[in-house]
Amino acid sequence: MISHITTKNLPHNPGISGWNAILPDDKPPQPLNKDMTADWLVIGGGFAGLSAARRLSQLTPSTKDINGAKIVVLEAGRIGEGPAGRNSGFMIDLPHVLSSKDYAGDNTEDQLQITMNRRAIDFALDAADEYGMDAETISQSGKVNGAATAKGVAHNLTYADHLQNLGEAFEILDAQQMQELSGSDYYHQGLFTPGTTMLHPSAYIRGLRDGLRNKVDVFENSPVISLNRTGPDWQAKTPDGTITAPQIIMAVNGHAQSFGFFKRRLMHIFLYASMTRAMNAEEVRKLGGTSRWGITPSDPVGSTIRRISGRSGDRIIVRNQASFVSSMEVPDHVATVKRTHHERSFADRFEKMGNIEMEYSWGGKLCLSLNDVPAFGPIEDGITAACCQNGLGTARGTLSGIVAADLVTGNLHDNHQSLERMLSYPQPKKLPMEPFATIGATLTIKYREWRAGKEV
């Protein structure tokens, strides 16, 4: 039994996330600067952590006073600036296996995963309704798998067959329909699926935090630097305070490894994105297409492209390029270097648009396992992990947080199928020793990007 844990490193996020930068200035952070007790401590303020906090507040109804359960969230940085605010905002209901060639998995497993993903989406939509989030923040508008090559079209058709076998709705879009949607003649075909919920990730995660304030204490800029067992409880120490609680939900994704858990079992991948400046009225007219859409690539390593519009202007987001980083740290300048490739991908798809600068470039961290399973469940007496979302942090992170809260409160009846499945997964497989893990992962990424061709 472990009695003392010292964190080995703290999260670092390269570049400035455009999603957070285009929002109005956030309220000043509230760091932890005192010693407190709590009934439930959640470490991590992303999709998993804040969803766990909300679910705990539902299962243990209370306000922040001595008469109710006290729920505390500790976030190392600012909510909305971390990985949760750096993804592309696709909350996908259907199979989306990044290690496959076309996202398809096993029929039986996929049916259950769809049910679980939709539970997460319903939870997010309910939170958005309760906390007054608008359609720019969250909208169940669907997405398109865009194919730019004959190979990409073949991937889409194979995936469409898989969806048909699952009884799921889809629509094949031809090149003309893709141009009418996106304003780009780059795509040969598209596969539209209606169940994806699109998020402005930073706005959603900030909205979740703000909606919880009456029931949950959320402390930002409060990294946990050590955990110490004190009798039946754990004491989490931050630079300026402590929280003592009998139960901890660790919702830090790959950074569970920084606490000494899941050694050599988690793969740390950075994905890079850039966002254009706001387009002017003439540029919007020239672009054409519809005002909001999201395109994921038919090949999982290709380019994800989004268009947003509204209060922050009309903008295009391009995400591609990945790197395996066992240290979990990438220097800030790497995101700027990746901008060159994003500019090229943008120019290929929107050559008529001329020179529209990328205003922001950033890297976002994901956590994968070799066998595509989460790092979930009890990992120490009083500590439950809700980590390793395998690149699908919006839906799987949300689900992990919900189910972790169900588990630690003994709520074994509501949607028990999700909990049973999450607990039944094997451990993440061990990775090869270094430097072989890094060499193998890097070569695999580079080969798959090369093979994807124009999809990137």
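Predicted model: local features only at pLDDT ≥ 70, side-chain atom pairs only at ≥ 80, totals over all residues.
Close-up 1. Residues are numbered from 1 along each chain as its sequence is written, and side-chain values use heavy atoms, with hydrogens and water left out. β17 (residues 293-297) and β18 (residues 304-308) pair in the antiparallel sense over three bridges. Pairing requires at least two DSSP bridges between two strands. The two strands form a hairpin, with six residues between them. Strand β7 (residues 143-147) also joins β17, through three bridges, and runs parallel to it. There, G146 stands opposite P297. Strands of a sheet pair through backbone hydrogen bonds, either parallel or antiparallel. Five of the five residues of β17 are buried, so the strand is largely enclosed by the rest of the structure. W293, I295 and P297 point one way, G294 and T296 the other. Buried means under 20% relative accessible area, exposed over 50%, and partly exposed in between (1.4 Å probe, protein chains only). Strands (E, at least two residues) and helices (H or I, at least four) are DSSP runs, numbered from the N terminus.

**Close-up 2. Helix α2 against helix α9.** The axes of α2 (residues 47-59) and α9 (residues 393-408) come within 7 Å and cross at roughly 35 degrees. Axes are lines fitted to C-alpha atoms over the stretch in contact, and angles run from 0 to 180 degrees between N-to-C directions. The crossing is right-handed: the near helix is turned clockwise from the far one by less than a right angle. α2 contributes F47, A48, S51, A52, R55, L56 and L59 to the contact. From α9 come G393, T394, G397, T398, G401, I402, A405, D406 and V408. Contact means heavy atoms within 4.5 Å. By class, there are eight nonpolar, six polar and two charged residues. Ala, Val, Leu, Ile, Met, Phe, Trp, Tyr, Cys and Pro count as nonpolar, Asp, Glu, Lys and Arg as charged, and the others, Gly among them, as polar.

**Close-up 3. Aromatic pairs, including F47 with Y204 and Y447 with W450.** The structure holds four aromatic pairs. Ring centres of Phe, Tyr and Trp (its six-membered ring) must lie within 6.5 Å; planes under 30 degrees apart count as stacked, over 60 as edge-to-face and the rest as tilted. For F47 and Y204 the centres are 6.0 Å apart and the planes at 20 degrees, so this pair is stacked. F47 lies in α2 and Y204 in α6 (residues 201-212), so the pair ties together parts that are 157 residues apart in sequence. Both F47 and Y204 are buried. The rings of Y447 and W450 have their centres 5.9 Å apart and their planes at 35 degrees, so that pair is tilted. Being three residues apart in helix α11 (residues 436-452), Y447 and W450 are separated by about one helical turn. Y447 is partly exposed at 44% relative accessibility, whereas W450 is exposed at 66%.

**Close-up 4. The open sheet β5-β10-β6.** Its three strands pair antiparallel. The edge strands are β5 (90-91) and β6 (138-139), each pairing on one side only. Two bridges join β6 to β10 (residues 197-199). I138 stands opposite L199 in β10.
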